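Take a look at the sequence and the 3D structure below. Keep both in view as you read.

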Amino acid sequence: MGVALGLALVLASCGDGKSSGSGGGSGSKSEVIAIAADPLEYINPLNENGSPGIQVAMAMFAPLVTTDPETGKLQNVMADSVTPDKTSQTWTIKLKAGNTFQNGQPLTAKDYVDSWNMTAMGSNAWKNNGFFSKVDGYDALNPPTPDGATPKPTAVKALSGLKQIDDLTFSVKLKVPFSQFGLTLQYLGLAPLPEEVRKNPDAYKRKPIGNGPFKLAADWNAGDDIKLAKWDGYKGPLVPQADEITYRFIPNADTAYNEFLAGNVDFVDVPPTKVKSFKTDAPDQWVTSISSGANYLVIPAWDARFKNPKLRHAFSMAIDRKAFADLVGLSEPAKGLVAPDMAGYRDNACKYCDFDAAKAKQLLQEAGGFSGPVNINYNTSSATGQIFAEAIGNMLRQNLGLTVKYTGKQGSEIGELADSRKLDGLRFSGWGHDYPSIEDYLTPMFKSNGDANFAGYANPALDAVLAKGDAEPDPEKAIKLYQQAEDIALEDMPLIPLYTKSNAYLHSAKIEPRVSKFVGVSALWATFK
Amino acid sequence: MIRFVLRRALAAVPIGVLVTLGVFALVFAMPGDPLRELAGDKPIPAAVLAAKRAQYHLDDPFIVQYLLSMKDILTGHFGTTFAGADIADQLRLRIPVTLKLTLLANAVQWTLGLFFGIYAGFKRNGWVDRSLLLATLVLLAVPGLVAYFAAQYLFGVELKWFPVSGVLEGFPHAYLLPALVIGVLGFAGLARLLRTSIVETVNADFVKTARAKGLGEQRVLWRHILPNALLPVVTFIGLDLAGMFGGAIITESIFNLPGLGQFMFQAIKLKEGGVVVLLSTLAFISFILINLLIDLLYGVLDPRVRNV
């Protein structure tokens, strides 16, 4: 179903595939974590935004700040303080003294500034380049490139907004005020690289030098598992218990699951095919957590037939979310547009999300009905795409008396059509946050030209409220403003909220994964029995 | 004979161009943008997109992309995959895995196929023959996917006779279970073919002549019937073997064997035309070579079709 959830899920529920095993009293605490993905080809957090890569990088690199799994509050890791100015436009980051890289070099402000400049340079084509688009001077490093041309390194090598103040202090000046910037710093894709790696990143593709709790325990060649050993130089906070971690890549998720049942791995994601059986397959060895993401139906702003908000509300109220969530499995009906584990989530946000066929019909009538069949697009590379599309289609047909048709296409093709405003009808999509703030739902999903604004929706009133929230230094007040934005979005309803999903994981008897309602399940921080 | 080999090699060149061009066109025609597939729904910054497009020639017209890919293949500059893997390294790792799997699987398949085929052919309508027919029907009806997972669960997870997946335990142990399953699922066809071929040969005139001139039953069997009955089987085996560089996509995925099949699958998923064409070229070359060998072997078995 083309769910976006890239980084966000990793940050939020890093439990995607970390486990720990061994135990047995006196021996070292070691764990084998299965990752159901193709093997990694390099480890470089700055050039990585996929879940498996960030997950492994999380063991080897440490972020500036992180979310405390107990309280949900922001906690310093490499940073000693992160301080905005009065307008939240310039942020000063002071590092703790005494931290080093795994090669013994001290970790300094220069390492951050230089690593970030490298990433912001468009011609390097590193995947986290986009993060720095908020920083002053980004455009100078990313000039427009004519079609077909290779971007050249620019004469300017550094972001004008990035300034080293002393050995341990640097400042970031943003293009516009942004009160949530401190939260974004917990993204692991901002981890620093030491000077020797920066000089020749390709030479260190398979021998990363991190600053986090684990380092490579053995040579890592193509096709090998990634074997990590505890690195004593990491001073915390949140030092994992494990002494050794092995990441094993098993691209077929059902095979990974069988490896767990055979006792060969200590931690594995439950694949969609096993959602119904995992509790009996591995009694007392499973954990679940709500996954930080929102799943919804996208209504195209470019199709005038869907323009009337009453019609959108009619569609929304014609959907029996409870039944649909049961069909999806491990899911709950959505009650708003943001994930339920966010500060600022309201479980009564959506006034049009209760199933009420009579009301829906009435709203449709008031909106003047709908002409022609409703087309529902689904992703053919998803095993469940068609099933979900038909479930929604049947509800619209039965409860609103509409005719429905279905179109199956590859996810990337649906995305392309939507981007060029040519997609006909509804599609499924989803979004997961990159940093835990409701702002990271509302801005990408609803701001005009937002990164995940799949509906092509634009409302100046909503943009204005978001900008106010971005400029509001007081976190409580900022949340209130963002909630206003959510209310506007629910009235206009460019997206119909559907469900929030839980993730399930299996763990061996010797470990207990860390489960946090704020950051999900993690085997990297498992407790050994 | 050298002229024959040369002629075949020359004829292979235009076929190779057609095959690679066709495969490349198919990948090119697949809907969706490869870089978008790689990124999921995450937006990609324009500069990053432009750099990647240029690196993989994605902005060039179809025929230019094809020629650039062929040039890379012919000059041995394989480059990296979209995901950043060194393709030459991948081939070094993956070719042995696929070879080990397919050779072992074929060994199982041929052993079972020849044994049961010959036995059933000579003892027609005996219980082995009848069970073979039944087994053929049953085995051909079992979808590979189901058989692989069932075998993995039974022998790997429950009984622990074999590793569940992966190549950590090395050859042959890590390859035994998948090879056995492929072999058992595949031997029935070979056995049936051989049986029929033997039955036909047994009734041929030259066999009657051999018997009439008083040759012993064993000599008739091994010198007169079998060499002639084996001809269609050699073709069958040859085609089987020639396909091995295609890799066993489903088996490799389920048993997590990092061979060419999984590589092909990833490449198709991401629309990596260059990699798909490279792997197709490999498969094509092995197909041509093995077919050539089979044709030469034919001459040894049957002088009537000798090409010298």
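Predicted model: local features only at pLDDT ≥ 70, side-chain atom pairs only at ≥ 80, totals over all residues.

The paragraphs that follow walk through this model, from confidence to chains to single strands.

Chain A has an average pLDDT of 90. In chain A, 95% of the residues reach a score of at least 70. One stretch stands out. For residues 1-26 of chain A, the pLDDT is below 50. Even so, this stretch makes 138 contacts in the model beyond near neighbours in sequence.

Next, see how the two chains meet. On one side, 42 residues of chain A take part, and they are in contact with 37 residues of chain B. Two elements of chain A give two or more residues to this side: helix 7 (253-261) and helix 13 (411-419). Helix 7 of chain A supplies the largest share, with five residues. What kinds of residues make up the side of chain A that touches chain B? There are eleven nonpolar, 21 polar and ten charged.

Now go inside. In soluble globular proteins, nonpolar side chains tend to be buried together. In this model, the largest nonpolar core holds 93 residues. The residues with the most contacts inside that core are A:Ile33, A:Ala34, A:Ala57 and A:Val268.

Turn to a sheet in chain A. Four strands form an open sheet, in the order 5-6-8-7. Their pairing is antiparallel. Which strands stand at the edges? They are strand 5 (79-84) and strand 7 (162-166) of chain A. Each has a single partner strand, so one side of each is left without a neighbour in the sheet. On average, neighbouring strands of this sheet are turned by 20° against each other, direction ignored.

Strand 5 and strand 6 (residues 90-95) of chain A are joined in the antiparallel sense by five bridges. One bridge links A:Pro84 with A:Trp91, which belongs to strand 6 of chain A. A helix packs on this sheet too. Helix 3 (residues 109-120) of chain A touches strand 6, strand 7 and strand 8 (169-173) of chain A. The direction of helix 3 makes about 170° with that of strand 7 of chain A. Go back to strands 5 and 6 of chain A for their turn. These two strands form a hairpin, with five residues between them. In that turn, A:Ser88 has a positive phi of about 65°.

Move on to strand 14 (residues 294-298) of chain A. Is it enclosed or open? Five of its five residues are buried, so strand 14 is largely enclosed by the rest of the structure. Both of its faces are covered. On one side, A:Ala294, A:Tyr296 and A:Val298 are buried. On the other, A:Asn295 and A:Leu297 are buried.

Strand 14 of chain A also has partners. Five bridges join it to strand 18 (residues 426-431) of chain A, and the two run antiparallel. Here A:Asn295 stands opposite A:Gly430 of strand 18. Strand 14 pairs with strand 19 (residues 495-507) of chain A as well, in the antiparallel sense, over four bridges. In this pairing, A:Tyr296 has A:Pro497 of strand 19 as its bridge partner.

Along its principal axes, the C-alpha trace of chain B spans about 85 × 55 × 30 Å. Chain B has 308 residues, and 35% of them count as buried. Consider its contacts between residues at least 6 apart in sequence. Of these, 71% join residues at least 24 apart.

One residue of chain B gives an example. B:Phe62 sits in helix 4 (residues 62-75) of chain B. B:Phe62 has 13 C-beta neighbours inside 10 Å, so it counts as partly exposed. Along the chain, B:Phe62 and B:Phe24 are 38 residues apart, and their C-alpha atoms are separated by 8.7 Å.

Finish at helix 9 (residues 205-212) of chain B. This helix is hardly covered. Among its eight residues, the count of buried residues is zero. Just after helix 9, B:Gly214 takes a positive phi of about 90°.

Conventions. Residues numbered from 1 in each chain as written. Chains lettered and ligands numbered in written order. Contact = placed C-beta atoms within 7 Å. Nonpolar A, V, L, I, M, F, W, Y, C, P; charged D, E, K, R; others polar. Core = buried A, V, L, I, M, F, W, Y, C linked by C-beta atoms within 7 Å. Buried ≥ 20, exposed ≤ 12 C-beta atoms within 10 Å, placed from the backbone. pLDDT = per-residue confidence, 0-100. Pairing = 2+ DSSP bridges. Axes fitted to C-alpha atoms, helices over the stretch in contact; angles between N-to-C directions.
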